[in-house]
Amino acid sequence: MLGWKFHIIPSRIEEKINPSLSPIENVKKLSLQKALDVSSRVSVGVVIAADTIVVSNRKVLGKPKNRKIALEMLKKLSGKEHQVITGLAVVDVKTKKVLQKAVITKVKFQKLNKDLIEKYIASGESLDKAGAYGIQGGGALLIESIKGDYFNVVGLPLNALNNLLEKL
């Protein structure tokens, strides 16, 4: 979309939420672990890593493991506001300079009826998304409003990322 040239190199770290850390501390830690893992395996360039979570009533909602959990998550989010928090980490492989940031966007779901939830879950889209929805797909129909960066809800807050890259 922005014309940037990049390669996707998956990190090898296990994405585990540490309950003793705040949601912001968790996403910053996970994104940094991902960036450091990948930067240790490449010789040049800038490594960008991100980790996104959904927080509702102080509870982290990760990626649902099955349709039943996705249904429970969407019912909990129905008619309520929640936060989408993304941790960003960028590493200059040559200089080893590291910059980090966390971005928070508030998302409000409309009151969801059972048919809409079941139709959305049947699409399969909810199973690989934090909070069991993706704003960039059919999940857009679940959302009443957002306050903040739309791209953060997608999973990569482009404005914040660009600001980090400019500083780097």
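Strand β3 (residues 81-92) is largely enclosed by the rest of the structure, because 10 of its 12 residues are buried. The model is predicted.

**Exercise 1.** Find which strands pair with β3, and in which sense.

*Solution.* 
- Start with strand β1 (residues 46-56). β1 pairs with β3 in the antiparallel sense, over 10 bridges.
- Turn to strand β4 (residues 98-109). β4 and β3 also run antiparallel, joined by 11 bridges.
- Look at the hairpin of β3 and β4. It has 5 residues between the strands, and K96 takes a positive phi near 70 degrees.

**Exercise 2.** Classify the aromatic pairs found in a search of the whole structure.

*Solution.* 
- Count them: the search gives 2 pairs.
- Take F109 and Y133. Their ring centres lie 4.8 Å apart and their planes meet at 75 degrees, so this pair is edge-to-face. The cut-off for that class is over 60 degrees.
- F109 sits in strand β4, while Y133 is in the loop between α3 (114-122) and β5 (143-147). The pair links distant parts of the chain, 24 residues apart.
- Take Y150 and F151. The centres are 5.2 Å apart, with 80 degrees between the planes: edge-to-face.

**Exercise 3.** Are F109 and Y133 buried or exposed? Then judge Y150 and F151.

*Solution.* 
- F109 and Y133 are both buried.
- Y150 has 34% relative accessibility, so it counts as partly exposed.
- F151, at 31%, also counts as partly exposed.
- The class runs between 20% and 50%.

Terms used. Residues are numbered from 1 along each chain as its sequence is written. This is a predicted model: local features need pLDDT of at least 70, side-chain atom pairs count only at pLDDT 80 or more; totals for chains, interfaces and linings use all residues. Side-chain values use heavy atoms; hydrogens and water are left out. Buried means under 20% relative accessible area, exposed over 50%, partly exposed in between (1.4 Å probe, protein chains only). Helices (H or I, at least four residues) and strands (E, at least two) are DSSP runs, numbered from the N terminus. Two strands pair if DSSP finds at least two bridges between them. Rings of Phe, Tyr and Trp (its six-membered ring) pair if their centres lie within 6.5 Å; planes under 30 degrees apart count as stacked, over 60 as edge-to-face and the rest as tilted.
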